[in-house]
Amino acid sequence: PDVERRAVWNVEMATVHIAMYDAVMAVVGTHKPFLVKPVATAPNSGRAQDAAVMAAAYGVMKVFWPDRSAVYQSLYDDRLAGLNTGAQGDEVTRGIALGAEVATKVLAARANDGRMTPMGPFASGTLPGQYRLPPPALASPFIANIRPFALTGAAQFRGSLRGPPVLGSASYAADFAEVRDWGSATSLLRNAEQTETARYHT
């Protein structure tokens, strides 16, 4: 789908999963919530947990990707129909209410988080040592403006780092050789798992 090609897709999916996690924690209570805690409660049961997770995910997804809301609505209704049976109907109803509240609160907490900050086009460098965009020329410079999910700020763990080593230095040469030797398509250093991991993330 086109939504999966959006530059902020990974940030939006992180938000969906935070809502799902916080909905589960509100039901089972085994760990602290990541971002929000709802006022609504639901019994600690499998049905209530499933309903809460579905409602939380659906509540965020339909806001992020309204052009696919009909698809999500159909799947959501179908899955809920399988839960909402017999004497457990109240558990499901309460789970839905809890999940919907979590979705609303997570969306509010992540509102105006910088993900849609307008930016000019990113231009690759052409001189030695300057960054080149990898094919197919994808770049996400806006990420620098997004409020982090877990860190207090984007520079929290940078310390005294001020960019890459000086071009021509021994440190630069060592780093370059490492990337070349391990990152080559025909590298003999990587094992099969490392190669598969690299393919997954590219």
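1. A salt bridge here is a side-chain nitrogen of Lys or Arg within 4 Å of a carboxyl oxygen of Asp or Glu. Arg180 and Asp181 meet this rule: their side chains pair with N and O 2.9 Å apart. Arg180 is partly exposed, with a relative accessible area of 46%. Asp181, at 33%, is also partly exposed. (Buried means under 20% relative accessible area, exposed over 50%, partly exposed in between, with a 1.4 Å probe and protein chains only.)

2. A word on the source. This is a predicted model, in which local features need pLDDT of at least 70, side-chain atom pairs count only at pLDDT 80 or more, and totals for chains, interfaces and linings use all residues. Residues are numbered from 1 along each chain as its sequence is written, and side-chain values use heavy atoms, with hydrogens and water left out.

3. The salt-bridge count comes to four. Side chains of opposite charge can pair when their charged atoms come close. One of the bridges joins Asp113 to Arg115, with the closest N and O atoms 2.6 Å apart. Asp113 counts as buried, at 3% relative accessibility. Arg115 is buried too, at 9%. Arg110 joins Asp113 and Arg115 in a network of salt bridges.

4. Another bridge ties Lys105 to Glu101, and the closest N and O atoms are 2.9 Å apart. Both residues lie in helix α4 (residues 89-109). They are four residues apart, about one turn of the helix. Lys105 is partly exposed, at 29% relative accessibility. (Helices, H or I of at least four residues, and strands, E of at least two, are DSSP runs numbered from the N terminus.)

5. How do α2 and α3 run relative to each other? They are roughly antiparallel. The axes of α2 and α3 (residues 69-83) come within 11 Å and cross at roughly 170 degrees. Axes are lines fitted to C-alpha atoms, for helices over the stretch in contact, and angles run from 0 to 180 degrees between N-to-C directions. Angles under 35 degrees count as roughly parallel, over 145 as roughly antiparallel, 65 to 115 as roughly perpendicular and the rest as oblique.

6. Contact means heavy atoms within 4.5 Å. On the α2 side, the residues that meet α3 include Arg47, Met54 and Tyr58. Among their counterparts in α3 are Tyr72, Tyr76 and Leu80.

7. Phe34 sits in the loop between α1 (9-28) and α2 (46-64). Phe34 is partly exposed, with a relative accessible area of 40%.
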